Amino acid sequence: MEEVDVEPTITNIPALRRGKHMGFAWGQGNIFVYETLFKATGATGSGSPFIHEVRKDEDIYSPILRKLFNESHHIFVGLQTIREDLPSKNKKPQFVSISKNYRSVIRACMEELQQVAVSTKNAEMSVQYGNQVSILLAIELIWNLCEVLFIDAAPAGSLLLHLLDWVRLHKADVDEKARDVLQSDSPAEHRDYWDVVVSYVLQGRLDEARQMLGKKATLTPAANNIYKMMDNLLSKMPFYNPGGTQTLTEFDVKWRHWHEEVDRCLQDNSFASNQHLEVICKILLGDEDTLLEHKDLLGTWYHFLVSRLLFCHPTVKPTELHYYAQSCMTMFLDSRSAPEPLDSILLAAFEFDIHQVIKDCSIALNNWWFVAHLTDLLDHCKLLQSHNLHFGSNLREFLLLEYASGLFTHHSLWQLAVDYFDHCLEFGRVYLELQIERVPLDTERKALKVLRICEQRQMSEQVRSICKIMAMRALRNNRLGSALSWSIRAKDAAFATLISERFLQDYCAKGTFSDLDLIDNLGPAMLLSDRLTFLGKYREFHKLYGEKRFKEAAKLLLSLMTAKIAPRSFWMTLLTDALPLLEQKEVIFSADQTYELMFCLEELTSSLNTPSSDSDKSMQEEDVELTKVELLRLALSRNLAMAIVKEGTVET
């Protein structure tokens, strides 16, 4: 698609005064705009205190349209599961069904918006809802036509039947008028009676037209013959039956015979006595002047096109449509005014220019939802293979990426965007990696959702980043268990070491561990860092001691010190923990183990006596340390004597 030179949409910012300078900051899917204090002279002046948010895609913030995005997401995901290796003839019914599903979702949203627009008491909101209804009407109109022409690809004969259904669906005011007429005391004398009859004929709804004409015939017995004649013409008009045995050629011959019969009736002035019936006769012949005289009933040039085809060219081929569409639009629209964007889009569809349809819709519509989903469906129908963009991506992927990027700006719809990125093979993963990092991790639950998405897609960098953010946040809030859990998940050894230190500091201060369940169930995760290993093993020592498994506890305590796993700052705590074991009636530490403990104590006391250490401690702290050391020396000496005696006794 070449670049389109069009004027950008103007967005008015309230409270910004003429001649003032604006400042702005780009956000994700929005811009913050504000009035600055800067003046052209360089001096400062009073500025506006307001900051205005200009959103790129306002529709995603509408609660009703959010349903459209959610429902269509399910349809989109289902479409991606259709196997590529299936024959085209088997896939076509599935594609048509999916297209109808998309349209039903649009219809449901449109009806809900209409109800809200009528019921709301806020005039501004009513206008906004009304505008959204108009946009959805146009979207459904375009989609339906694309379904007929491209997805279903109806052949000659069937094509006109589909176009009739298309017009009837989008020209429903006739049914409202008909209800008013039929509910009146005398339907045949109602002022809209003939408008309803002619509208039925223009839409090819001839059975309803005959029923309506029957009401007039009963009121005017004298004109009964001409009403019967018209009823006969209407009943005999042939319609092609795609599922029948009749060939298209046989239908064409039958239709021409009927057409000649209608023409004879007009030439014979059979309906000259009733101008309304004569008008209907001319319509049945496809008289262009008569059709154009009923512009108010047709409403649009494309309704005029379908009515003209119905009564002049019922076996029109898809390749001939563009000629009739162009001529009908020229005849119907005022030559002094340019066609509306919708007219240009529909004309491009009738010309089978898919890329022009997508391009014009991208410019005219206010969000990417429509073009992204329609293009995806058309691409699955193998209608867009030849179209690649300059920067390496194809049209389908480009539009899906734009749409999904918009969803990521919403606090809940961002989860839908993940599936769209997953099905963009070229750049989808890159976009997802960039966008997922911008999702605000407001709660732990949301962080876990984001994390699960990243883990499922092996996005290791993003997993580490999320875990680090959450670990740091938990640490700031003094939630050590949560912080440790996140750091283990991130496999961040340095951070796990830091948090383990905090756990040990807390233990020294309080005498107990917090988050025991987490520490007790570290498992292989404790090997992430030496400090975490020590924390896990130290907790294991306490459990052994609590279970009165003193020998095992003593062996573990000694190994923590001799293997240099325990930090030097924690040695005094470990030696203090050894005191109750040293004072047991039963000898727990062997002579060799006691020597090792004495060696550790001497090594520790030699470092405690250095000037650098003493300078940071108060006299009271020094006294406590010295008391502990003396108690330990005494307990170790006693235990050594008892161990030697015991071991000597055993030897003899």
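Reader: Why is the pair of arginine 396 and aspartate 376 called a salt bridge?

Author: The closest N and O atoms of arginine 396 and aspartate 376 are 2.7 Å apart. A salt bridge is a side-chain nitrogen of Lys or Arg within 4 Å of a carboxyl oxygen of Asp or Glu, so the pair qualifies. Arginine 396 sits in helix H18 (residues 395-407) and aspartate 376 in helix H17, 20 residues apart, and the pair links distant parts of the chain. The model is predicted: local features need pLDDT of at least 70, side-chain atom pairs count only at pLDDT 80 or more, and totals for chains, interfaces and linings use all residues. Residues are numbered from 1 along each chain as its sequence is written, and side-chain values use heavy atoms, with hydrogens and water left out.

Reader: What makes arginine 396 and aspartate 376 buried or exposed?

Author: The relative accessible area decides (buried is under 20%, exposed over 50%, partly exposed in between; 1.4 Å probe, protein chains only). Arginine 396 has 8% and is therefore buried. Aspartate 376 has 0%, so aspartate 376 is buried as well.

Reader: Which part of the chain holds leucine 374, and how do you know whether leucine 374 is buried or exposed?

Author: Leucine 374 belongs to helix H17, residues 369-380; helices (H or I, at least four residues) and strands (E, at least two) are DSSP runs, numbered from the N terminus. Its relative accessible area is 2%, so leucine 374 is buried. Between leucine 374 and arginine 396 there are 9.0 Å from C-alpha to C-alpha, with the two residues 22 apart in sequence. Leaving out residues up to four places away in sequence, leucine 374 touches Trp143 and Cys146 (contact means heavy atoms within 4.5 Å).

Reader: How do you know that arginine 479 and glutamate 444 form a salt bridge, and what do they link?

Author: Their N to O distance is 3.1 Å, and the pair counts as a salt bridge. The pair links distant parts of the chain, 35 residues apart: arginine 479 is in the loop between H22 and helix H23 (480-490), while glutamate 444 is in helix H21. Arginine 479 is called partly exposed because its relative accessible area is 39%. Glutamate 444, with 31%, is therefore partly exposed too.

Reader: Why is arginine 191 with aspartate 192 counted as a salt bridge, and how accessible are arginine 191 and aspartate 192?

Author: The closest N and O atoms of arginine 191 and aspartate 192 are 3.8 Å apart, and this pair is counted. Arginine 191 has a relative accessible area of 73% and is therefore exposed, whereas aspartate 192, with 14%, is buried. The count for the structure comes to 26 salt bridges. Some are joined into a network made of Lys100, Arg103, Arg107, Glu140 and Glu147.

Reader: What makes the link between arginine 457 and aspartate 422 a polar contact?

Author: Their side chains meet at 2.6 Å. A polar contact is a pair of N or O atoms within 3.5 Å (within protein, one must be able to donate a hydrogen and the other to accept it, and residues adjacent in sequence count only if both atoms are side-chain atoms). Arginine 457 is in the loop between helix H21 (444-456) and helix H22 (460-476). Arginine 457 is called buried because its relative accessible area is 15%. Residues up to four places away in sequence aside, arginine 457 touches Val418, Asp419, Asp422, Arg429 and Leu432.

Reader: What is noted about the phi of phenylalanine 352 and lysine 548?

Author: Most residues other than glycine have a negative phi. Phenylalanine 352 is not a glycine, yet has a positive phi of about 60 degrees, and lysine 548 also has a positive phi of about 60 degrees without being a glycine. Phenylalanine 352 lies in the loop between helix H15 (341-350) and helix H16 (354-364), and lysine 548 in the loop between helix H26 (530-546) and helix H27 (550-562). At 33% relative accessibility phenylalanine 352 is partly exposed; at 63%, lysine 548 is exposed.

Reader: How many residues are in the largest nonpolar core, and which have the most contacts inside it?

Author: The largest core has 190 residues, and those with the most contacts inside it are Leu163, Trp166, Trp301, Phe350, Trp369 and Phe370. Helix H3 (residues 123-151) supplies the largest share, 13 residues. A nonpolar core is a set of buried Ala, Val, Leu, Ile, Met, Phe, Trp, Tyr and Cys residues joined through side-chain atoms within 4.5 Å. Apart from neighbours within four places in sequence, leucine 163 is in contact with Leu145, Val148, Val306, Leu309, Leu321 and Phe350.
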